[in-house]
Amino acid sequence: MTEQKRSVAIHVPVLARVEGEGALDLRIDDGDITQLRLRIFEPPRYFEKFLEGRHYSDIPDFVARICGICPVAYQVTAAQALEKLYGVELSPWARAMRRVFYCGEWIQSHSLHIHLLAAPDFFGCNSAIELAKIAPQEVRRGLRIQALGNELMDLFGARSVHPVGVRIGGFHGAPAPARVQAIREQLAAALPEAEALVRWAAGIAVPQDDQAFTSVALRHPDEYAIEHGAIGASDGLLIDAEAFDAHFAEHHEAHSTALFSHYHGQPYLVGPLARLNLNHGSLPEKVQTLLAESGIALPSRNLFHSLVARAIEILLALHEALRLLDDYRVPASPWVPVTPRAGVAIGCTEAPRGLLWHRYEMDAEGRVLNARIVPPTSQNQARIEEDLRLSLRSFGLDQSDDALRLHCEQVIRNYDPCISCATHFLRMHVKRG
Amino acid sequence: MSRVRILGIGSPAGDDQAGWLTVDALHAAGLEAVEIDKLDRPGASLIPLLAGVSRLILIDAMRGGGQAGDIRRFDQQDWPAYDQGLSSHGIGVLDALLLARELDALPPRIDLYGIEIGTACLSETATAPVRQAAGQLAGEIAASLALTLPSH
């Protein structure tokens, strides 16, 4: 007797609990996946085109508008690129405060994702509101941590959404010591809360999954790379940001307005788990101890460990912000002067969702000739599709449609995709006869 | 001591300024005993703003099928049952208030107002019915505060 394998078509028209507009098409014929497409249909936003002709001094505020969740990543990456081109050496104060500013964004973005977007999946809840019914203390704690991240962003950016503090050469202003002291006290008080968060996150039962993939993240010899470093991969690659195009290639697929990225022709992972896989040895000792207690073996091949990776990075960011704000003093000037010159500016940092790469071709007056921005979600897009194929097979294609749909959504949310950041559009050349 | 907080939600785009115009009018009236803020899509960040507040007055633009300029006050029982997932950019005012309710973080009194708007488009000024409604609602709120605030 021949077993009849089932055929199903699952369409998730709008993905919930992700940033931006996307959908998923899955087709299973005779027990095998014949179509799997993560469709990103959010309209293209043309940010790179809008940047053309803009003065370098406008760029930080302009790119902050790309994302309401991770504006600091865009600002700091652009500033780093231009400062490199213009031969600017940041003051030690500005260098340290850029990292603190960035820590605020990691704390805020990761806490939002853990508590409001990802965790409900693991408790059988449809939303954070349902999760709050069964885990109110944990959700309250998550919101407190998120608010503290927002405050750190506000400290340097004057507001946490689309902040305006960064300028090429440093910051527009320096926060007053009294306010910094107040935030230091809050950061210190948040440490035990973040430790409890790590323990809670590590205790959440997640599906067992084991996949081979390449992790890609910035690496720095002295610290857990956030706002600077060289691009590293789990196969041993270590390159400057300038060599990105020699190893990574973007291409367009008809079903998505976001570009797909490959590393040496293969999908790859960026984001918290990729960073933790590559850089866990650079975590502060206290964070490493807690990580060891969690029992998670690194490098992890289970993307469901992304949630605990975010919790670990929140704790790291709190420690870093506290360390760097110790003995805070207002500098003589929060910025150094800049003289523009023509050339190509390339910058790379670790946005909350992963590697963020910028390239600007600038003219001698400091205006943008062209810009290219490679955000983390577009880099993860091919990996998400690959993960879905592998993960669904290991989950079992004979599961009910609802179970398959939920599993797919859960897999996608591990990546915290920021679809709004990722949308690009195919360049079009029109020939007219 | 009673602490009143007034939040106007909106954006600089045309009629979407309805909440901002209302709190601008209240601010101009010099209500010193209340905290007045203008917010643009606060998301979950709305929740910490509710801490220690005894009365929250929140004004937002709405599209509920009525005439532009209609003012509606929503009681908690009007808040619809929540049945959608949250997205990080889509945590609306009602989502945040519902989450706050689950966390016992709602102020004892909430006056939630919606001003019906036409099309939210990129325009510097709001349409006349919305401007008029914002002024009228500000007057009503000021009058209600005069009754409850000892300083008025």
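At what angle do the axes of helix 9 (residues 272–279) of chain A and helix 11 (residues 306–325) of chain A cross? They cross at roughly 70 degrees and come within 8 Å. This is a predicted model: local features need pLDDT of at least 70, side-chain atom pairs count only at pLDDT 80 or more, and totals for chains, interfaces and linings use all residues. Residues are numbered from 1 along each chain as its sequence is written, chains are lettered from A and ligands numbered from 1 in the order written, and side-chain values use heavy atoms, without hydrogens and water.

**Helix 9 and helix 11**

- The angle makes helix 9 of chain A roughly perpendicular to helix 11 of chain A (65 to 115 degrees; under 35 is roughly parallel, over 145 roughly antiparallel, the rest oblique).
- Axes are lines fitted to C-alpha atoms, for helices over the stretch in contact, with angles from 0 to 180 degrees between N-to-C directions.
- Helices are DSSP runs (H or I, at least four residues), numbered from the N terminus.
- The crossing of helix 9 and helix 11 of chain A is left-handed (the near helix is turned anticlockwise from the far one by less than a right angle).
- Helix 9 of chain A makes the contact (heavy atoms within 4.5 Å) through A:Pro272, A:Leu273, A:Arg275 and A:Leu276.
- Helix 11 of chain A brings A:Ser306, A:Ala309, A:Arg310, A:Ile312 and A:Glu313.
- The contact residues divide into five nonpolar, one polar and three charged (Ala, Val, Leu, Ile, Met, Phe, Trp, Tyr, Cys and Pro are nonpolar; Asp, Glu, Lys and Arg charged; the others, Gly among them, polar).

**Helix 7 and helix 11**

- The axes of helix 7 (residues 177–203) of chain A and helix 11 of chain A come within 9 Å and cross at roughly 160 degrees.
- The two helices are therefore roughly antiparallel to each other.
- This crossing is left-handed.
- The contact residues divide into 20 nonpolar, one polar and two charged.
- Among them are A:Leu187, A:Leu191 and A:Glu195 of helix 7 of chain A, and A:Ile312, A:Leu315 and A:His319 of helix 11 of chain A.

**Cavity**

- The count comes to one cavity of 30 Å³ or more (on a 1 Å grid over the protein atoms alone, a set of points where a 1.4 Å probe fits but cannot get out).
- The largest cavity holds about 50 Å³ of space (the volume filled by probe spheres set on the points, which are joined across faces, edges and corners).
- Its lining (residues with an atom within 4 Å of a point) has 13 residues, and A:Leu269, A:Val270, A:Gly271, A:Pro272 and A:Asn380 are the closest to its centre.
- Helix 9 and helix 11 of chain A each give two or more residues to this lining.
- Helix 9 of chain A gives the largest share, three residues.
- By class, the lining has seven nonpolar, four polar and two charged residues.

Terms used:
1 Å grid on protein atoms, 1.4 Å probe; cavity = no way out; pocket = protein on both sides within 12 Å on 5 of 7 lines; lining within 4 Å.
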